[in-house]
Amino acid sequence: MDDIDWLLLDQLQRDASLSNQSLAELTRISAPTCLRRIRRLRDAGLIAAQVALLNEDKMAALQGHGLTAVVEVSLDRQGDEHLNAFEAFAVADAAVTQCYRVSPGPDFILMVRVHDMPEYQALAQRLFTQDANVRNVKAFFSVKRGKFDTRLPLKASS
């Protein structure tokens, strides 16, 4: 990894739709070299996916209201098999957009996106009520998002 690789990763995090030619110009390398470097970064697993991020507010206007919840989940039994089972169950649900196993405190923090409160109640029934191992659930409902960023902070090589 050199400074150009770090710069390419940073530019792709900002806008993955940039053409290879544009990326090459931004990094001051040739287009074929740029393409080879990006392929190498992808093959190394440093680029997990290239996706389109949808505008949450505009999508809510098209689809109706949207509800974001941050949910703390504590389990009764914290053995590895129980933690793994709940995690697999939670991440399989489309409404769960992020899942973190945390410590100390609750066992999991889930980011949940649903259309409305009845849809959240259905999710709660599926994930938290039917599982006898869920001890406690605490949900926080977002009233305003101050920041959302998918970029990882990068440090250039020395």
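Val51, Leu53 and Phe148 make up a nonpolar surface patch with about 330 Å² of accessible area together. Such patches take residues with over 30% relative accessible area and no salt bridge; like charges are joined within 9 Å, and nonpolar side chains (Val, Leu, Ile, Met, Phe, Trp, Tyr) within 5 Å. Accessible areas come from the Shrake-Rupley method with a 1.4 Å probe, and for residues only the protein chains shown count as cover. The model is predicted: local features need pLDDT of at least 70, side-chain atom pairs count only at pLDDT 80 or more, and totals for chains, interfaces and linings use all residues. Residues are numbered from 1 along each chain as its sequence is written, and side-chain values use heavy atoms, with hydrogens and water left out.

Phe148 sits in the segment after strand S4 (134-141). Helices (H or I, at least four residues) and strands (E, at least two) are DSSP runs, numbered from the N terminus. Phe148 counts as partly exposed because its relative accessibility is 47%. The cut-offs are under 20% relative accessible area for buried, over 50% for exposed, and partly exposed in between (1.4 Å probe, protein chains only).

**The sheet**

4 strands form an open sheet, in the order S2-S3-S1-S4, with antiparallel pairing. Strand S2 (96-101) and S4 are the edge strands, and each pairs on one side only. On average, neighbouring strands of this sheet are turned by 20 degrees against each other, direction ignored. Axes are lines fitted to C-alpha atoms, for helices over the stretch in contact; angles run from 0 to 180 degrees between N-to-C directions.

Two strands pair if DSSP finds at least two bridges between them. S2 and strand S3 (residues 108-114) are antiparallel and pair over 5 bridges. Here Arg101 has Phe108 in S3 as its bridge partner.

Two helices pack on this sheet. Helix H5 (residues 80-91) touches strand S1 (67-75), S2, S3 and S4, and its direction makes about 165 degrees with that of S2. Helix H6 (residues 117-129) also touches S1, S2, S3 and S4; its direction makes about 160 degrees with that of S4. Contact means heavy atoms within 4.5 Å.

S1 is mostly covered, with 7 of its 9 residues buried. S1 runs antiparallel to S3, and 7 bridges join the two. Leu67 has Val114 in S3 as its bridge partner. S1 also pairs with S4 in the antiparallel sense, over 7 bridges.

**Salt bridges**

Side chains of opposite charge can pair when their charged atoms come close. The structure holds 10 salt bridges. A salt bridge is a side-chain nitrogen of Lys or Arg within 4 Å of a carboxyl oxygen of Asp or Glu. The table lists some of them.

| Salt bridge | Closest N and O atoms |
|---|---|
| Arg37 with Asp2 | 2.9 Å apart |
| Arg145 with Glu56 | 3.3 Å apart |
| Arg126 with Asp93 | 2.8 Å apart |

Arg37 is buried, with a relative accessible area of 15%. Asp2 is partly exposed, at 29% relative accessible area.

Arg145 and Glu56 form a salt bridge. This pair links distant parts of the chain, 89 residues apart: Arg145 is in the segment after S4, Glu56 in helix H4 (residues 56-63). Arg145 counts as partly exposed at 43% relative accessibility. Glu56 also counts as partly exposed, at 25% relative accessibility.

Arg126 and Asp93 form a salt bridge. They too link distant parts of the chain, 33 residues apart, with Arg126 in helix H6 and Asp93 in the loop between H5 and S2. Arg126 is partly exposed, with a relative accessible area of 34%. Asp93 counts as buried at 14% relative accessibility. Salt bridges that share partners join Asp2, Asp5, Arg37 and Arg40 into one network.

**Asn133**

Is Asn133 buried or exposed? Asn133 counts as buried because its relative accessibility is 5%. Asn133 is located in the loop between H6 and S4. Not counting residues up to four places away in sequence, Asn133 touches Ser74, Leu75, Asp76, Arg77 and His82. Ser17 is 116 residues from Asn133 in sequence and 44 Å away in space, C-alpha to C-alpha.
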